[in-house]
Amino acid sequence: MAELLRSLQDSQLVARFQRRCGLFPAPDEGPRENGADPTERAARVLGVEHLPAVNCKGGGAPANGLRRAAAPEAYVQKYIVKNYFYYYLFQISAALGQEVFYITFLPFTHWNIDPYLSRRLIIIWVLVMYIGQVAKDILKWPRPSSPPVVKLEKRLIAEYGMPSTHAMAATAIAFTLLISTMDRYQYPFVLGLVMAVVFSTLVCLSRLYTGMHTVLDVLGGVLITALLIVLTYPAWTFIDRLDSASPLFPVCVIVVPFFLCYNYPVSDYYSPTRADTTTILAAGAGVTIGFWINHSFQLVSQPAEPLPVIQNIPPLTTDMFVLGLTKFAVGIVLILLVRQLVQNLSLQVLYSWFKVVTRNKEARRRLEIEVPYKFVTYTSVGICATTFVPMLHRFLGLP
């Protein structure tokens, strides 16, 4: 078993997958391990081979398929793409497990499909992501070595690898959606199962193709998520009704996540993991508070009771498509405005309180500034998405 686990964690296995998919290091990158700068070599000795990345300028697809990707410190990794089908397939698949997808898909589900589904998706997504993020900074397993692996995502290089939270989130979203719709909508179960498997598989394979995770990281993420779904499924209906359980519910929803964010495991160096975790927990808290507001003050029509309700999925018409896009555009604009306003205001207050020079980007990384401003900002975003956007839709006559 130990030998199997070591083989699944081997960077060479990831490198072979990349080569089979047509992704190769540029010829001058071969001996990089011996020629790496002292800082990078020292980091590898410590088991930390993902130092903060630098920004790469430029874009597009250079001649002969030569591209540039960010890597540790001043090292700019070059690579050659020989199969653009796999390149774009896995780049798009990787995006399906990133923040941009979730801040569009989850609100769209709430505004245009079924608030009941969006609530379940968000609750499970927050739980899975928090456990995955914390596990990374507790286990501190390094990402695949480069070389031999080509790394395509510069922002995540500073994070640890095990488990893959992309794999966890994709699996959680796909199978929570499948389980929650089985007894609520009428559609072929096999079709839903195939779509869930394809979605999660593409995201998982993209983590290997982009060189950000080992096979063991990905399998660990999938298995942890499957276990969490099995363990929490009996309580899903109970969780759905928690917003009416006690008048102290909103206080708990704010205090507990903030405590978890402020007491996040300490890392040996700065990485975006704590900030991302705060964003996720705060958004979940805001959404939950928004549902509580809707339930308590009847500001927005509530979703149907979480009981089996068989519904036919209506055909997609032009009118429905235009209406959905309009509601989505209106909602996203309001969310972005609220996000920018609350972020600027909270940063100004915190900078003044801690006597920090305005626009000091390094100051944003301080625990006492990063956690409060992120938490306040994304809690506001969650409340806005679930309460104020639907109210605006109703005011504008968008059903």
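I started with Arg274, which counts as buried because its relative accessibility is 19%. My cut-offs: buried is under 20% relative accessible area, exposed is over 50%, and partly exposed is in between, with a 1.4 Å probe and protein chains only.

A note on what I am looking at: this is a predicted model, where local features need pLDDT of at least 70, side-chain atom pairs count only at pLDDT 80 or more, and totals for chains, interfaces and linings use all residues. Residues are numbered from 1 along each chain as its sequence is written, and side-chain values use heavy atoms, with hydrogens and water left out.

**Entry 1: the partner of Arg274**

I looked up what Arg274 meets, and found a salt bridge with the side chain of Glu370, at 2.7 Å from N to O. A salt bridge here is a side-chain nitrogen of Lys or Arg within 4 Å of a carboxyl oxygen of Asp or Glu. The pair links distant parts of the chain, with Arg274 in helix H13 (residues 273–297) and Glu370 in helix H15 (residues 367–395), 96 residues apart. Helices (H or I, at least four residues) and strands (E, at least two) are DSSP runs, numbered from the N terminus. Glu370 also counts as buried, because its relative accessibility is 3%.

**Entry 2: the other salt bridges**

How many salt bridges does the structure hold? I find three. One of them joins Asp114 to Arg184, with the closest N and O atoms 2.7 Å apart. Asp114 lies in the loop between helix H6 (99–113) and helix H7 (115–139), and Arg184 in the loop between helix H8 (165–181) and strand E4 (185–186), so this pair ties together parts that are 70 residues apart in sequence. Both Asp114 and Arg184 are buried.

I then checked Arg366, which forms a salt bridge with Glu368, again with 2.7 Å between the closest N and O atoms. Arg366 counts as partly exposed at 33% relative accessibility, and Glu368 counts as partly exposed at 23%.

**Entry 3: the loop between H7 and H8**

The peptide bond from Met162 to Pro163 is cis, with omega near 0°, and Pro163 sits in the loop between H7 and H8. Lys140 lies in the loop between H7 and H8 too, and has a positive phi of about 55° although it is not a glycine. I noted Lys140 as partly exposed, because its relative accessibility is 27%.

**Entry 4: helix H6**

Does the length of H6 agree with its residue count, or disagree? With 15 residues at 1.5 Å a residue, H6 should span 21 Å, and its end C-alpha atoms are 20 Å apart, which agrees. The expected span is 1.5 Å times one less than the number of residues.

I listed the buried residues of H6 as Phe101, Tyr102, Leu106, Pro107, Thr109, His110 and Trp111. A reminder for reading such a list: an α-helix has 3.6 residues a turn, so residues three or four places apart point the same way.

I picked out His110 from this helix; its relative accessible area is 10%, so it is buried. What does His110 touch, leaving aside its neighbours within four places in sequence? I found Pro115, Ser118, Phe291, Ala385, Thr386 and Pro390 in contact with His110, where contact means heavy atoms within 4.5 Å.

**Entry 5: rings**

I counted 12 aromatic pairs in the structure. Rings of Phe, Tyr and Trp (its six-membered ring) pair if their centres lie within 6.5 Å; planes under 30 degrees apart count as stacked, over 60 as edge-to-face and the rest as tilted. Trp111 and Phe328 form a tilted pair, 6.3 Å centre to centre with 55° between the planes. This pair links Trp111 in H6 to Phe328 in helix H14 (residues 318–353), 217 residues apart. Trp111 counts as buried because its relative accessibility is 6%.

Elsewhere I noted one aromatic cluster, made up of Phe17, Phe85, Tyr86, Phe90 and Tyr209.

I also looked for charges over rings (NZ of Lys or CZ of Arg within 6 Å of the ring centre and within 35 degrees of the ring normal). Arg119 lies over the face of Phe291, 5.1 Å from the ring centre; Phe291 is also among the contacts of His110. The charged end of Lys82 sits over the ring of Phe24, 4.7 Å from its centre.

**Entry 6: the whole chain**

To finish, I looked up the totals. The chain has 15 helices and five strands, and 48% of its 399 residues count as buried. Of the contacts with a separation of 6 or more, 76% are between residues 24 or more positions apart.
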